[in-house]
Amino acid sequence: SAMIKTDFIYKAAISIGEVQELGEIHSGRRRIIPITGGTFEGPKLSGTILPGGADWQVIRRDGNAFLEARYTMQTENGALIYVENKGYRHGPEDVMTRLANGEAVDPGSYYMRTTPFFETSDPDLDWLNRTICVATGAREPDCVRLDVFAVA
């Protein structure tokens with residue numbers, strides 16, 4: 001069987017605002033984390049992350065965080081890219097508590113993987129509209145870091 005191969009696209013540092021804790025809902029604890037800006041850079045894409053998006057998370061009762069972020073990126077030449085990025089973050093309870101408290105935690109001590117989907121009208125970036133991507137993530141006190149890869 002064929003192995004999955006990936007190509008590195010970019011790394012991002014996504015700035016975030018104060019967490020909005022909505023509390024318990026039917027599926028867990030709802031949290032909304034505003035996206036306030038950021039940058040991304042790589043061999044295929046570079047630019048800024050525009051303010052106005054958010055990550056609409058649910059911390060499930062089993063401790064697994066379901067991540068659902070939506071935001072807009074703007075390339076250096078002005079192209080706009082809509083991103084919808086879903087995934088999971090989980091790990092040992094003590095590590096997740098430290099993350100929730102805003103502490104710096106080694107990203108190797110927990111699991112954070114996502115699947116970003118892109119939409120753009122820029123003809124040079126049309127490949128994004130039809131490419132499956134995966135990302136590894138790290139939650140830092142003031143930002144989220146992502147390394148994004150295209151599945152070849």
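This is a predicted model: local features need pLDDT of at least 70, side-chain atom pairs count only at pLDDT 80 or more; totals for chains, interfaces and linings use all residues.
How many cavities of 30 Å³ or more does the count come to? The count comes to 1 cavity. Residues are numbered from 1 along each chain as its sequence is written, and side-chain values use heavy atoms, with hydrogens and water left out.Rolling a probe the size of a water molecule over the atoms shows where empty space is left. Here, a cavity is a set of points, on a 1 Å grid over the protein atoms alone, where a 1.4 Å probe fits but cannot get out. A pocket is an open set of points with protein on both sides within 12 Å along at least five of seven lines. Lining residues have an atom within 4 Å of a point. Grid points are joined across faces, edges and corners, and a volume is the space filled by probe spheres set on the points.

The largest cavity holds about 180 Å³ of space. It is lined by 16 residues, and I14, D55, A69, M112 and V144 are the closest to its centre. Strands matter for this lining, where a strand is a DSSP run of E of at least two residues, and a helix a DSSP run of H or I of at least four, both numbered from the N terminus. At least two lining residues each come from strand 1 (6-16), strand 3 (28-41), strand 5 (53-59), strand 6 (65-75), strand 7 (80-90), strand 8 (111-119) and strand 10 (143-151). Strand 6 gives the most, with 3 residues. By class, the lining of the largest cavity has 10 nonpolar, 3 polar and 3 charged residues. For this sorting, Ala, Val, Leu, Ile, Met, Phe, Trp, Tyr, Cys and Pro count as nonpolar, Asp, Glu, Lys and Arg as charged, and the others, Gly among them, as polar.

Next come the pockets. The largest pocket has a volume of about 330 Å³. Of its 17 lining residues, I59, G63, M96, T97 and A100 lie nearest its centre. Strand 3, strand 7 and helix 1 (93-100) each supply at least two residues of this lining, and helix 1 has the largest share, 5 residues. The lining of the largest pocket splits into 6 nonpolar, 5 polar and 6 charged residues.

The second largest pocket contains about 220 Å³ of space. Among the 15 residues that line it, K11, A12, R145, L146 and D147 are the closest to its centre. Two or more lining residues come from each of strand 1, strand 3, strand 9 (133-139) and strand 10. This lining has 7 nonpolar, 3 polar and 5 charged residues.

On to charged pairs. A search of the whole structure turns up 10 salt bridges, a salt bridge being a side-chain nitrogen of Lys or Arg within 4 Å of a carboxyl oxygen of Asp or Glu. One of them pairs R31 with E21, and the closest N and O atoms are 2.9 Å apart. R31 sits in strand 3 and E21 in strand 2 (residues 20-25), so this pair ties together parts that are 10 residues apart in sequence. R31 counts as buried at 6% relative accessibility, while E21, at 46%, is partly exposed. Those words have cut-offs: buried means under 20% relative accessible area, exposed over 50%, and partly exposed in between (1.4 Å probe, protein chains only).

Another salt bridge joins the side chains of E68 and R70 (2.9 Å, N to O). E68 is buried, at 15% relative accessibility, and R70 is partly exposed, at 29%. E84 and K86 also form a salt bridge, with the closest N and O atoms 3.6 Å apart. Both ends of that pair are partly exposed, with E84 at 25% and K86 at 30%. Salt bridges that share partners link E68, R70, E84 and K86 into one network.

N64 is found in the loop between strand 5 and strand 6, and N64 is buried, with a relative accessible area of 9%. Leaving aside residues up to four places away in sequence, N64 touches V58, I59, Y88, R89 and H90, where contact means heavy atoms within 4.5 Å. D124 belongs to the loop between strand 8 and strand 9, and D124 is exposed, with a relative accessible area of 64%. The C-alpha atoms of D124 and A79 are 9.3 Å apart, although 45 residues separate the two along the chain.
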